[in-house]
Amino acid sequence: MAEDIAYGRLLAQFATQWRTRAMSEEVALKTRLHIIDTIAAIVSGSALEAGRAGQRYVESLGGQVVASVIGTSIKAPIIEAALANGMAAHADESDDSHETSQTHPGCGVLPAVLAVAEEVGSTGKEFIEAVNLGYEMTIRFGEAMAPAMSFAKSSLSCHAFGPLFGAGFAAGYLMRFDEEKYLILLNYLAQEASGLTTWRLDEAHTLKSYVFAGMPASNGVKAAAFVRSGFTGSGDVLNPANRNFFDAFSDAMKPEKLYENLDGPCRILETDFKKYSVGFPIAAPISALESILDEHAVKPGDIQAIRIRYLDDWYKVIGDENRMPDLNLRYCMAVTILDGALTFAAAHDEQRMLDPNVRALGERISFLPAEPGQDRFEARLEVDVSTETLTASQGLFVLGRKENPMSVEQVHEKARELLEMVLAADEAQSVIDHVHALSEAPDISGLIRTMTV
């Protein structure tokens, strides 16, 4: 595009026109499923330490209590409710993700939409539309920034930056911003943009949940609330004719990604579900292991040794130095063998990491580097039993990826497992039913009631 084009205004116009954009049933269903998936992550995460940390914080504050902290009976101001629900949304590593944008859209967008929709009394249809716009902006901004924010190139975390813009635009949608307000919103979102990959240093999920979800969700709502209250901020922060948002970080960024194919399919269709509630690099080895266990009926006592061949960089994220069960590959492999599959409960059981049976089985596992020509996302397994060596491999397209999608019932099954960590079985099913009925709901109060404990 020409240097004098006001890029920010193009996005503001795009967001304003979103209200009149037709939503196909494919997009509507995919959006509802991501709402169910992320709500399940929030509910289950509300019982974990990162979720409880957010709850303790909002309970320590005063202010106008208008929005619900999901999985509890707590009410809070919208900014703090977005933060608390964001903390819960990424507490258990079960939330969705989008590969090329290096973001987890749902855990940043849904907490913002839940808080604002409850406050302003949005219809269920508006709720769905706002979620969809939030994913769109998260992915577009993530793809624009990701080339300069990979672990290998930067300490800045795209996982924080992308969802901030998604949360902010989704909140602005529910606050019924016009083009000028969206343009001002961009200025404040640009000022709020932050996040470092130093979340990797934390031995719990609290800091990571804040960076991936709590911070972008709450800061996005805060920026929208600024604009709604009358904050001004003239100028186009994305205009390449002046010093702009992208100049502040790296010339490796690709701002043109913001505007590619604006009339194309909704980007939420590209977003992946997670079958397993674990860190992403663990999924491929677990999938390969489960295929061996299922095909050969292998029992724990049959296994003499296991060798994993995987990219060395993945071991830095999910290796033995990580003491969180859902981010520890050796532990997840061991409990998968002992239980026959990896459940949510096992993936979050810190005490079980000390179990002698788990530790003994874990000692039979060797982490080896990838072989020449092996894809960076592929995990290769060799399992020695008494009579032979069983092998399996799994690449990037684990179940849940857009190239290997989960069925509607598989998404529901996963959601029920997570929801039932906090809710009764009939209450969990009610959450799912309420989401699927949102397009006809006058507001989201019924959905909120199903998640109040």
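Colleague: Is Ala-130 buried or exposed?

Modeller: Buried means under 20% relative accessible area, exposed over 50%, and partly exposed in between, with a 1.4 Å probe and protein chains only. Ala-130 has a relative accessible area of 0%, so this residue is buried. This is a predicted model, where local features need pLDDT of at least 70, side-chain atom pairs count only at pLDDT 80 or more, and totals for chains, interfaces and linings use all residues. Residues are numbered from 1 along each chain as its sequence is written, and side-chain values use heavy atoms, with hydrogens and water left out.

Colleague: Where is Ala-130 placed, and which residues does Ala-130 touch, not counting those up to four places away in sequence?

Modeller: Helices are DSSP runs of H or I with at least four residues, strands are runs of E with at least two, and both are numbered from the N terminus. Ala-130 lies in helix H6, residues 124-145. A contact means heavy atoms within 4.5 Å. With that sequence exclusion, Ala-130 touches Val-113, Ala-170, Tyr-173 and Leu-174.

Colleague: What does the whole chain contain, and how much of the chain is buried?

Modeller: The chain has 17 helices and six strands. Of its 453 residues, 60% count as buried.

Colleague: How does one read the radius of gyration of the chain?

Modeller: The radius is taken over C-alpha atoms, and the globule rule is 2.2 Å times the number of residues to the power 0.38. For 453 residues a compact globule would have a radius near 22 Å, and the chain agrees, with 22 Å. The C-alpha trace spans about 70 × 50 × 40 Å along its principal axes.
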